[in-house]
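The exercises below concern the structure shown here.

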Amino acid sequence: MLQVAVAVLYFINKVLLSLEKKSGWQIGILASCLAIFYFYSLDLYLLVGLEVGFMAILIFGLINHNQEIKYENMLYLVMILLLVFLYFVLKNSTILEFLISLDFILAIFFLAKKKVLIGWIIMLLGHLMMGYFTYTSHQTFFAVMQFLSVFVSLFAIYRNWPVKAP
């Protein structure tokens, strides 16, 4: 049941963020809270750590939605702490878990910094990797939602692609 709630909330989060809605950040924070419990129940401790940092970045995105960026130094501090955490926990995790974690951290970081196109391109890669990882971990519903999120990422990339004048 928790798998379904996390997957659906994260999907809604991506749809709302692709439409540049503030509620996307709020739904993301809720999804992140539930994902901490979900990944903990699966003994995926690296992904638990990712979610804690992910939540901090989501909070930053919420605070700065449609405003001038505030507290940017805090965002950089969170990023440094997450990268150090990933480095030290890597020895207990697979390289794929590390890459997924790094990818989603960078994606949400760029979205929070309003570097939308690069954020969504990185998010697309993350959803492909997470879809594969969760499918091979027999988390089928979660995997399906990750692959559906690929289409949301493609929509956001299309929406934010620079238009060239003829």
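**Exercise 1: A nonpolar patch**

Task. Determine which residues make the nonpolar surface patch, and which helix gives the most to it.

Solution. In this predicted model, Leu125, Leu128, Tyr132, Tyr135 and Phe147 make a nonpolar surface patch of about 520 Å². The next step is to assign the patch to an element: helix 6, residues 116–136, gives the most, with four residues. Tyr132, for example, lies in helix 6.

**Exercise 2: A buried lysine**

Task. Locate Lys14, state whether Lys14 is buried or exposed, and list its contacts beyond its neighbours within four places in sequence.

Solution. Lys14 belongs to helix 1, which covers residues 2–18. The side chain is buried and has no salt bridge. A salt bridge requires the nitrogen of Lys or Arg to be within 4 Å of a carboxyl oxygen of Asp or Glu, whereas the nearest side chain of opposite charge, Glu51, is 8.0 Å from Lys14. With neighbours within four places in sequence set aside, Lys14 contacts Trp120, Met123, His127, Ser149 and Val152.

**Exercise 3: The whole chain**

Solution. Buried residues account for 47% of the 166 residues. Of the contacts between residues at least 6 apart in sequence, 64% join residues at least 24 apart.

Technical notes. Residues numbered from 1 in each chain as written. Predicted model: local features only at pLDDT ≥ 70, side-chain atom pairs only at ≥ 80, totals over all residues. Heavy atoms only, no water. Helix = DSSP H or I, 4+ residues; strand = E, 2+ residues; numbered from the N terminus. Buried < 20%, exposed > 50% of the residue type's maximum accessible area, 1.4 Å probe, protein only. Lys, Arg positive; Asp, Glu negative; His and termini not counted. Contact = heavy atoms within 4.5 Å. Patch = residues over 30% accessible without salt bridge, like charges linked within 9 Å, V, L, I, M, F, W, Y side chains within 5 Å. Areas by Shrake-Rupley, 256 points an atom, 1.4 Å probe, with all protein chains shown as cover.
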